[in-house]
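Welcome! Open your viewer, get your selection tool ready, and follow along stop by stop.

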Amino acid sequence: MENDIKNVCVYSASSTKLANVYVEAAEELGRCLAARKINLINGAGCIGLMAAVSDAVLVAGGTVTGVIPRFMVEQGWHHTGLTRLIETETMHERKRLMADLSDGIIALPGGCGTLEELLEIITWKQLGLYLHPVIILNINGFFDPLLEMLQKAMEENFMRKEHGAIWKVASTPEEAVGLLYAVPVWNKEMRKLAAI
């Protein structure tokens, strides 16, 4: 039975100095989400991959919900053309709301902010605080070092082997969106299996 996927949160970079392979992947992901009539949820940034995926969704006729702290809006860092813009007081509130609104997570390549969001949602799923699919979109092998680190953590018993089921890895945007439907939403038994 497929998951009911209506809203997907995408973590991604706000850098503007990126190779085209990453921008093209973000745009393709946006088109894939729009084609499935999935509402994109992201951090409402107006530059980088965050803007690229938002713009691609909108051009393809889809919808985007951006969640951003007020101080960033005051700096003019927000995308002004989104379907819906939600302002929060803090970064923590932003991340919590993005997760709460989503039926799944896809992580595109990014810097410290993206990596922090991804590791936090993995931790939340490990603790049973987030039950939906978490997909790592490993464009150009970007996440290989992180995946190796997570594997090392499991091999050396910093994480249980079962924790490897918390995330799935995709190499293309189409595969990432497909995995959202294929990965089972966690239930009580799965939470017990992976609980720390």
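Predicted model: local features only at pLDDT ≥ 70, side-chain atom pairs only at ≥ 80, totals over all residues.

Residues are numbered from 1 along each chain as its sequence is written, and side-chain values use heavy atoms, leaving out hydrogens and water.

**Stop one: the largest core.** Select Leu29, Leu33 and Ile106, the residues with the most contacts inside the largest nonpolar core, which has 35 residues. Such a core is a set of buried Ala, Val, Leu, Ile, Met, Phe, Trp, Tyr and Cys residues joined through side-chain atoms within 4.5 Å; buried means under 20% relative accessible area, with a 1.4 Å probe and protein chains only. Next, colour helix H1 (20–35), one of the elements that each supply at least two residues of this core. H1 gives the most, with 7 residues.

**Stop two: around Leu29.** Not counting residues up to four places away in sequence, Leu29 touches Val10, Val53, Ile106, Leu108, Leu137, Pro173 and Val177 (contact means heavy atoms within 4.5 Å).

**Stop four: two helices.** Select H4 (residues 91–101) and H5 (residues 112–126), which are DSSP runs of H or I with at least four residues. Their axes, lines fitted to C-alpha atoms over the stretch in contact, lie 12 Å apart at an angle of about 60 degrees. Lys95, Arg96, Met98 and Ala99 in H4 meet Glu116, Glu117, Glu120, Ile121 and Trp124 in H5.

Methods. Axes fitted to C-alpha atoms, helices over the stretch in contact; angles between N-to-C directions. Buried < 20%, exposed > 50% of the residue type's maximum accessible area, 1.4 Å probe, protein only.
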